Each structure stands twice: as structure tokens, then as C-alpha cells.
Amino acid sequence: MNRKFTEEERGFVLANGEGRSTEDLTEMVNARFGTEHSVSSICSLRYRIGAKSGRDTRFRPGDEAGAEYRFRKGHQSCTKGRRWDEWMPKESQERSKAGWFRKGHSPHNKVPVGTEFVKNDGYLWRKIAEPNRWRQVHVLVWEESHGPVPEGMCLTFLDGDKGHVELDNLMLISKKENRLMNSPHSSSMRTSDTQMTKANIGLRRLTERIREVEKEG
């Protein structure tokens, strides 16, 4: 039975905690004072008074932590091949059935195909199929006219407005160009003027091409 710790017990834990596991320390405390403190209560006390063990308990790749508690290879469940009535009381079966989904059940948050909403990323998404397939609307708009976005490329909104999902407001750029446009040092490349943004991207591409030619030459 747990009870409040005395000052003597607190001092003992503080003086003997270093280098010992909480399990070992609990046995020492109970043996020393004739108490029945639980491991969890001693663990809580250690935390409160700062009686750390100083042991490195970090888990590393290859460690076999908890191996003694795992099922052995070839282990079979005690309920395998048995009917409910053989191992579960009727009342427990009914409580379990109460939580089952019924045939035709539909979650309260299910929405029909075609539903659109803005997610946390700021993009407009559309549900395109069941059970829960969604795609960004601006990508769908682009693909309707130009086909799939090539690998290594992405779409940018020329006026910077993710809610302006129109084909003439979209431009295909490389992911490298996109990272550059999102960089604080090149933020001026992206403007609210679609033509200006397009011109900035074109100028950047021209500059990169000149550098490549100079390196080749």
C-alpha cells in the first residue's frame, strides 16, 4: 500500500538513486523501511526530487530491449481455432458487438466525390474517388490541358495566390526554381503581377543558361 514519503525515505532515495534502476531502488527502500511502495511511486518521487540514476537508457539500433516479453517463433494464441462461446462470456460478446460498424455504415465526416476545401497547406483540394482519394485542384486544372506534371517539375501561381486556380495563373517550373523563389534572398522573384513574375523566372533561366555556356566554353 502506498503512502506519503517521509523525509528519511526521500533522503535515502536521493542518496542511493545514482546508478540504480527504479526497480532495484524500490526493493531497497521497501527493505530498509519495511514499506510497500510501488515502482511507479518511487519513479514519480525520483522525478520530483531529481534523484536521477545517471544511467544511459537510450534505445539504439540492434538493442534487444523487451526480448523476454515477446512471443516466441511458432507461438499460437490460446484462442486459435476456438469459438467465442468457448472463451468469452456472452455479456462480453455483446459489449464487443456494440462497437462494430454496421453494414452500409458511413462515417459522420464522409463527403461526396467532387467536394473541395482548402487544407492546412493553403491549397484547394478535391475529392476525386472513394474511399478517400484527394488531389490538388490546380494540378487537375493543369493536367486537363497539358497532361501530367513531369518528374522534377512543379506548378507555381504567378500572382502568388493559391486560391486563384486558373490555367493562365499557373506556370510549370523546376523544383530548384521553386526553392529559389521561396528563398528569402530571392523573394522578389515572386510578385502579385503575373507578367512580372513570369519575366523574373525567364530572366533567371536566361542567367543560368549564360553561366552554363560560359562553363562549357
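1. Let me begin with the salt bridges: the count comes to 10, a salt bridge being a side-chain nitrogen of Lys or Arg within 4 Å of a carboxyl oxygen of Asp or Glu. Please keep in mind that this is a predicted model, where local features need pLDDT of at least 70, side-chain atom pairs count only at pLDDT 80 or more, and totals for chains, interfaces and linings use all residues. Residues are numbered from 1 along each chain as its sequence is written, and side-chain values use heavy atoms, with hydrogens and water left out.

2. One of these pairs is Arg 135 with Glu 143, whose closest N and O atoms are 3.0 Å apart. Arg 135 is partly exposed at 29% relative accessible area, and Glu 143 is partly exposed at 23% (buried means under 20%, exposed over 50%, partly exposed in between; 1.4 Å probe, protein chains only).

3. Helix α8 (residues 194–216) is worth a look; helices are DSSP runs of H or I with at least four residues, strands are runs of E with at least two, and both are numbered from the N terminus. Arg 209 and Glu 212 meet there in a salt bridge at 3.0 Å, N to O, and they sit three residues apart, about one turn of the helix. Salt bridges with shared partners also join Arg 204, Glu 208 and Arg 211 into one network.

4. Just after α6, Gly 147 has a positive phi of about 85°.

5. Finally, the surface patches. They are built from residues with over 30% relative accessible area and no salt bridge, joining like charges within 9 Å and nonpolar side chains (Val, Leu, Ile, Met, Phe, Trp, Tyr) within 5 Å; areas come from the Shrake-Rupley method with a 1.4 Å probe, and for residues only the protein chains shown count as cover. Leu 203, Leu 206 and Ile 210 make a nonpolar patch of about 290 Å². Ile 210, in helix α8, is partly exposed at 43%.
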